[in-house]
Amino acid sequence: MVRYKKISVTTDASGAQQAAREGLVVMIVDVIDMSTTLESALDAGAALVLGASPDNVRVPVPVSPDLIGQEAARKATEVGTGIVIVAEPRVGSEQERLSRCQKLLAGIYAAGGKVEAVVPNMGAETPKLVSMENRVVVAVTDTGGVAFDAAFQEQATVITGTVARTLTQKGIQPALTAVRRARKHLADHRGIAIVAASRNSQEDILAAQFIASLLMGDIE
């Protein structure tokens, strides 16, 4: 039962890394916009969503976007599909976005993956730009992507959640989806850490706390 599992809320890439080291499921919450974008990708039928660090990021824990790229390529090959990269800046050229993803791309190409599109990180609007059905979607972002990457270096059970409106969900539905996703993974882990991607984002912190409260059954 969930009530016997550890449920904690933490922040940043360092919190994500520590939680992963403890053997917890790690849920990244980056409301504006990484986890909202990836939830919308799942709404659109994505086969798998991942996060990765951009190149040259300064972070006090190890990250390896090339390893994320290899995992994306492996999964894409497994399901016979391509990869969609979500990257920043939101307003800018595809070349600008690609320039921040060279390590991820190296991992993808080394493992035989195919990149089908590169789109901006715009939350619920992103899947309207390109088909994501059955694709592997990787979000390369400065907060949520980095936190996901840091946790993934320690163990592979890293998921995302949001409370914001997504492509097909509104109101409390995205938060309830996050809770269902957490419960699905809890059976095989000693607990879960819900990670606000940035301690400087009240949106992320409040969202992580809300999802934790729902998971603990404090809110119906």
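The lining of the largest pocket comprises 10 nonpolar, 3 polar and 3 charged residues. Here Ala, Val, Leu, Ile, Met, Phe, Trp, Tyr, Cys and Pro count as nonpolar, Asp, Glu, Lys and Arg as charged, and the others, Gly among them, as polar. The model is predicted: local features need pLDDT of at least 70, side-chain atom pairs count only at pLDDT 80 or more, and totals for chains, interfaces and linings use all residues. Residues are numbered from 1 along each chain as its sequence is written, and side-chain values use heavy atoms, with hydrogens and water left out.

The largest pocket holds about 390 Å³ of space. Of its 16 lining residues, L48, V49, V158, I159 and H185 are the closest to its centre. A pocket is an open set of points on a 1 Å grid over the protein atoms alone, where a 1.4 Å probe fits, with protein on both sides within 12 Å along at least five of seven lines; lining residues have an atom within 4 Å of a point. Points are joined across faces, edges and corners, and the volume is the space filled by probe spheres set on them. Strand 3, helix 6 (144-152), strand 7 and helix 7 each supply at least two lining residues. Helices (H or I, at least four residues) and strands (E, at least two) are DSSP runs numbered from the N terminus.

Four strands form an open, parallel sheet in the order 1-8-2-7. Strands pair if DSSP finds at least two bridges between them. Strand 1 (6-11) and strand 7 (158-160) are the edges, each pairing on one side only. Neighbouring strands are turned by 25 degrees on average, direction ignored. Axes are lines fitted to C-alpha atoms, for helices over the stretch in contact, and angles run from 0 to 180 degrees between N-to-C directions.

Strand 2 (residues 25-29) is joined to strand 8 (residues 191-196) by 5 bridges.

Strand 3 (residues 48-52) is largely enclosed by the rest of the structure, because 4 of its 5 residues are buried. Strand 3 pairs in parallel with strand 6 (residues 136-140) over 5 bridges. G51 stands opposite A139.

Note on methods: Buried means under 20% relative accessible area, exposed over 50%, partly exposed in between (1.4 Å probe, protein chains only).
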